[in-house]
Amino acid sequence: MSLGYYDWLVKVIVLGDSGVGKTNILTQFCDSKFSQNYTATIGVDFKIKILNIQDKKIKLQIWDTAGQERFRNITQTYYKGAFGIIFVYSLIDRNSFNNVEGWIKSILESTTDEVCSILVGNKLDSQDRRVQTAEGEKLAQKYNMPFLETSALENKNIQDIFDRLGQNLKIRLENEGQKVSNNTQRQSGQFKLNQEANQTEQPTSSCNSC
Amino acid sequence: MRTTQLTQCIQKEEEEDELFEFQFDNQSEPQQNLQTPDFQATKQNEVHSQISSQAQIEQTDQYGFKSKINLKHYKDRKTLNARVEKWRQMINEFEKQTNQLIKERTRKGIPDGLRILAWPLLANIKKAKEQANTIQKLSQYSDFLTKEKFKFEHQIRLDVHRTFPDNVNFQDQTVLSESLVNVLKALSEAIPDMGYCQGLNFLTAALIMVTNDENAFWILYRLMTHYNLTAKYKDPNSLYREFYILDNLIQQYHPITSKILKRHNIDLFYFTTEWFITLFSTALPINLFYRVFEIFLVEGEKTIFRCALAIIHYKEQKFTQLNDFENGLQYLRSNEDLLNLDSNQFINLMLSKYKFSKTVIQQLDQKYKKNQK
């Protein structure tokens, strides 16, 4: 978690039912590994990764969340300021697909900000598919977001999730470039250590303006 | 202003040491005959020795953890033997013991092999059975497992193999992982308005590594009904009460940490949710968790806040040096440097540095409720 140079700091949250592979997607993306030995996420957890999109570096502060319905209320408080959202369901769990629209709606209701989202159907490696590709595509179209089927286990399309999301983030951030750089008080192209921490809520402002 | 009042309150009642509503029933059933603590006698040890002998996999500690666990639990063999003898006698005539003695001895730690007998007494599970009998007309653990379908079984099974991945007992289909499923299913039936909440899997797993399924179930039942833990599992949103109370105590005992947390917007939600939901069973080395847990059984909720403060004590120095959101929070969330804690040192610090009575907690609780209105 070193503080290298980056152009933007963006808060991203990962949402979806319990057991769909949210933590595994993040571990694969951030630490390049898949672990059968992982624990259920209680509350939230977070990881940091710098994403290179063309000539820009986007520092992602990615928040992993507990999937069980009853944690939704308390984690929702902390969604604010999120600029990117990854909605995940499992291709082998029909319920998780049925519920993912609920997750999408709950975000649309709780935030007036326009966020960059992506829909992900995970566990592409399994033979026991219960949700067809076309269904995922249709849902993604309905909410106007990109869609990918992935396997955290086989590291398939995992980087693509973040590249796709990153492309959209970059376009929006650049459109609002002037505001962002004013808001975040960048100094010599780099956040100052203390200020950076103060600015964890700063992406909110960039978000509002998108 | 609020802090000043709190200080006065803490000072005033500093030496007050009340027990957590401890009711002993003089007509309690005679205790089963005690043998000297023998790990082989308990189920989990049978399971564990099976696993060890079958596979000779990696080396684990007595509870099945592969990580390096601090086994320096008692000062020496002689102290341990004396303690075993004292607890044996105490368990045999538990109803005759004074609350003060029980408290003092529990604070020193119950010998491992006797926990299986001592915990049900400390938690007074007899009351739990009476209550279940009154409310649901069910008084046996097995009564809660007769259904064919359980509403929460899917979620429970999802979480079982994600419970202590570092522990051989919960990987794949072991006897203990089935125990874990059953106890959690029974609990979700026994307390239907709570059902199953993620995080309970860790607490329950930690208990069934020491005691049998039935006792674990009744202890949990008692935790929910008598120790008032239900609210946070029913709706984790109610943890704001815990955050509020702990926040005030951190201001009081660790003002520098408190300032840095606020400066960087590090909400207690981010790193203490897991502490409260799993009762520290994921944060502390398992031996130390058991020490804190049994003190909690005797002394009640203030133990939870004392333990949280003690963890902050150990993390304070490094945390204040980090002084930024990401690194600071990552450090507060990590358990690595807690793995090598000396259990006795931790307990001593927790009990001597944070001497406040339950009245302090009650007052903060009332303030929180008032603010909510």
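Are B:Tyr244 and B:Tyr368 buried or exposed? Here are some friendly notes on this predicted model.

1. Both B:Tyr244 and B:Tyr368 are buried (under 20% relative accessible area, with exposed over 50% and partly exposed in between, using a 1.4 Å probe and protein chains only). Their ring centres lie 5.5 Å apart with planes at 45 degrees, so the pair is tilted. Rings of Phe, Tyr and Trp (its six-membered ring) pair if their centres lie within 6.5 Å; planes under 30 degrees apart count as stacked, over 60 as edge-to-face and the rest as tilted.

2. B:Tyr244 sits in helix α12 (residues 239–253) of chain B and B:Tyr368 in helix α19 (residues 358–372) of chain B, 124 residues apart. Helices (H or I, at least four residues) are DSSP runs, numbered from the N terminus.

3. Now look at B:Tyr270 and B:Phe325, which are both buried. Their planes stand at 90 degrees and their centres are 6.0 Å apart, so this pair is edge-to-face.

4. Over all chains, the structure holds 33 aromatic pairs. Ring pairs also build a cluster whose members include A:Phe46, A:Trp63, B:Tyr270 and B:Phe325.

5. A:Arg72 lies over the face of A:Trp103, 3.8 Å from the ring centre. For this, CZ of Arg (or NZ of Lys) must be within 6 Å of the ring centre and within 35 degrees of the ring normal.

6. Residues are numbered from 1 along each chain as its sequence is written, and chains are lettered from A in the order in which they are written.

Notes:
This is a predicted model: local features need pLDDT of at least 70, side-chain atom pairs count only at pLDDT 80 or more; totals for chains, interfaces and linings use all residues. Side-chain values use heavy atoms; hydrogens and water are left out. Helices (H or I, at least four residues) and strands (E, at least two) are DSSP runs, numbered from the N terminus.
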